[in-house]
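Reader: I would like to learn how to read a model like this one, feature by feature. Could you walk me through it?

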There are 2 protein chains.
Amino acid sequence: MLSPYGLEIVESCLTCKLREELIFCDLPNSALQAFENIKYATAYPKGAVLFVEGQSPRGIFVLCKGRVKMSICSTDGKTLILKIAEPGEVLGLSATVSGKPYELTAETIDPCQVNFVKREDFLRFLKEHGDACFRVAEQLSEKYNNACHEVRSLGLSHSAAEKLAKLLLEWSGRNGEAAKLEPRLKLALTHEEIAQMIGTSRETVTRLFAELKKRQIIQSKGSTLLIRNKAALKLMAGA
Amino acid sequence: MLSPYGLEIVESCLTCKLREELIFCDLPNSALQAFENIKYATAYPKGAVLFVEGQSPRGIFVLCKGRVKMSICSTDGKTLILKIAEPGEVLGLSATVSGKPYELTAETIDPCQVNFVKREDFLRFLKEHGDACFRVAEQLSEKYNNACHEVRSLGLSHSAAEKLAKLLLEWSGRNGEAAKLEPRLKLALTHEEIAQMIGTSRETVTRLFAELKKRQIIQSKGSTLLIRNKAALKLMAGA
DNA sequence: AGCCCGGTGTGATGCTTATCACACCGGGGT
DNA sequence: ACCCCGGTGTGATAAGCATCACACCGGGCT
C-alpha cells in the first residue's frame, strides 16, 4: 500500500519491524492492541507542520518514518532548532500529559509516517495501562535530558566555534561512525539551519566551516563531510 | 521535634499540611502509605549538596522545606543555574527514572527538609501504583517545560538586558504581586548568582542594575526591590 | 539557453559583553 | 577597634559576533 507521499505505510504496530527499538512497541500485546485501537495512522509531506508552539495540545504524534524539526521561535522571527526527531520518538508528549500548550513547533523535513493519538484517548490509555505510563515517564526523562544538554550547550559555551564542534562531534557519533578515527557524516541541513541549532548566524556558520576546512580539520565532497582531525575538534569543543 | 538544623520535621506525609499542593501528596491513602514506608525523612544545612551532575542516580529527593539551587557546570568552572527549586518539587526524578546520570547539581541554599527514596524502592513503587506513575509523568512534563523556557531565554535573547528583564518579571509574578502595578520582590541572590541564572558575567549584572535604577525602572532598599515601571521592563524583555 | 532562486562565500562596521584591574563598603569575628 | 572577606561599583580594553551588503554558484524550470 502506498500513501499519498510515496511512503509505504506500516499498517499495524503489532507487525511493525521496528518493534524492538521503539518506545511503545515492546509493550505487552494487550496494551499494544489497545494502542492500536486509538491511534490514527497518518502521513505527511515534507514541510508539513504537525503542531505549533503555543497551541493547546490535541494529542501525541508517534514518529514512525522520516525526520521532524523541533523548534522554538521568538516574536521577532528568530528560530532555534532544539533537535531533529527520528523514528521512534513521541512528539508533543509533555504538552499532552500536562495539558499545557505545546512548547515546541514540529515540522517535517522528510515525508513522514506518523501515528496520532487524541489527548483524551491517550490519557485514558495511560490510566488503564500502568506499564505504558512508565514508558512515558522514561520517554519524558529522555526529552528532559536532551533539553538539559541544549541548555548546557547554549549557556556554557564561550564561542560559536565551540558549539559547532560539539554539534559535529555529536553527529559523528551516529551510525557506528563513532569509533572510527575519521568519521564520515551526511550534512542534511543548510548553514542557516545549523546556525539555528547552535544559536548563531548563518554567516558565522559559513565562516566557521571555511576555517575548519582551511585548518584541515574537516573535508567535504557534496553533502558528505569527513572529519579528518577528531582530536582538534574535541579540543575546540572544550573537552 | 527539632532536626539538627533547627527545622521542625514533618514526620509523616499523611499529616503533611502541604498535601493539597504537593506532588505526591494527593494520592490515594494506600499509595501514600506505601510511599511512607520507603521514604527516609532527612534534613540538610544550608550549602549541602544533595547530588552532583554526572553521578549515577541513587534516588529521588522530595523537597518539603527550604530552597535548592539546581545548576550545571562546565569543565572550566563556569556555572549556570537552571532554577531554584521550591518545596513540593521532586529532585533527581528524571535521572532516577531513566537510570542515566543526574543531569544537574542540587545544592541547598536554605536549611532543608527532604524525603529521600532509594531508586529501587521508587521504581518498584511506581510499578505498583499506576496513579503515582502518572503523577511522575506530569512532574517530568513540568520539568521539561521549564527547561524549554530556559532554552528559549538563553537561545533567543539578543542581550543580557533582555534576559535580566525576563527574570525580574518572572520573579515579580510570584506571591500575588503579579497583578500589582508596582510589584515588590525580595532579592535573595547575589549578583553573581543572578549572572549565573541568565548566563552572563557578574559585572554585567551590576551594570544593568545600575542602569535600571538610573532610568527609574527599579528602586531598591536593602534586599527589597520595587519595580516602578513594569511597562518599560516588559519592553526590554521583548514582549 | 537563459532565468530564477535558494544556498553559499566574504568584506566592512559597530555593538555587546567578557575580562582584568582596582576601589569601596559593611558586617562578623577575634 | 581592627581586620578580613564576600559582595558590589566602575573604568579600560579587546574579542567575538550580528548585521548589512554584495558577489557567486548550481540546479530546476520554462
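Reader: How many helices and strands does chain A have?

Author: Helices (H or I, at least four residues) and strands (E, at least two) are DSSP runs, numbered from the N terminus. Chain A has eight helices and eleven strands. Keep in mind that this is a predicted model, where local features need pLDDT of at least 70, side-chain atom pairs count only at pLDDT 80 or more, and totals for chains, interfaces and linings use all residues. Residues are numbered from 1 along each chain as its sequence is written, while chains are lettered from A and ligands numbered from 1 in the order in which they are written.

Reader: Which residues of α7(B) are buried?

Author: A residue is buried if 20 or more other C-beta atoms lie within 10 Å of its own, exposed if 12 or fewer, and partly exposed in between, with C-beta atoms placed from the backbone. In α7(B), V205(B), L208(B) and L212(B) are the buried ones. They sit on the same side of α7(B) because they cover an arc of only 65 degrees around the axis, taking the directions from the helix axis to the C-beta atoms. The face turned away from that buried side carries the exposed residues E203(B), A210(B) and K214(B).

Reader: What covers the buried residues of α7(B)?

Author: The cover includes α5 (160–172), α6 (191–198) and β10 (218–221) of chain B. Just after α7(B), Q216(B) takes a positive phi of about 60 degrees.

Reader: In what order do the four strands of the open sheet in chain B come?

Author: Strands of a sheet pair through backbone hydrogen bonds, either parallel or antiparallel. Here two strands pair if DSSP finds at least two bridges between them. The order in chain B is β1-β8-β3-β6, with antiparallel pairing. β1 (39–44) and β6 (90–91) of chain B each have a single partner strand, so one side of each is left without a neighbour in the sheet. Six bridges join β1(B) to β8(B), residues 112–118, and A41(B) stands opposite N115(B).

Reader: Which residues are the closest to DNA strand D?

Author: A residue is near a strand or molecule if its C-beta atom, placed from the backbone, lies within 6 Å of it. By that rule 15 residues surround DNA strand D, the closest being S159(A), T200(A), T204(A), T190(B) and H191(B). Elements giving two or more residues to this surface are α5 (160–172) and α7 (202–214) of chain A, together with α6 and α7 of chain B. The largest share, five residues, comes from α7(B).

Terms used:
Contact = placed C-beta atoms within 7 Å.
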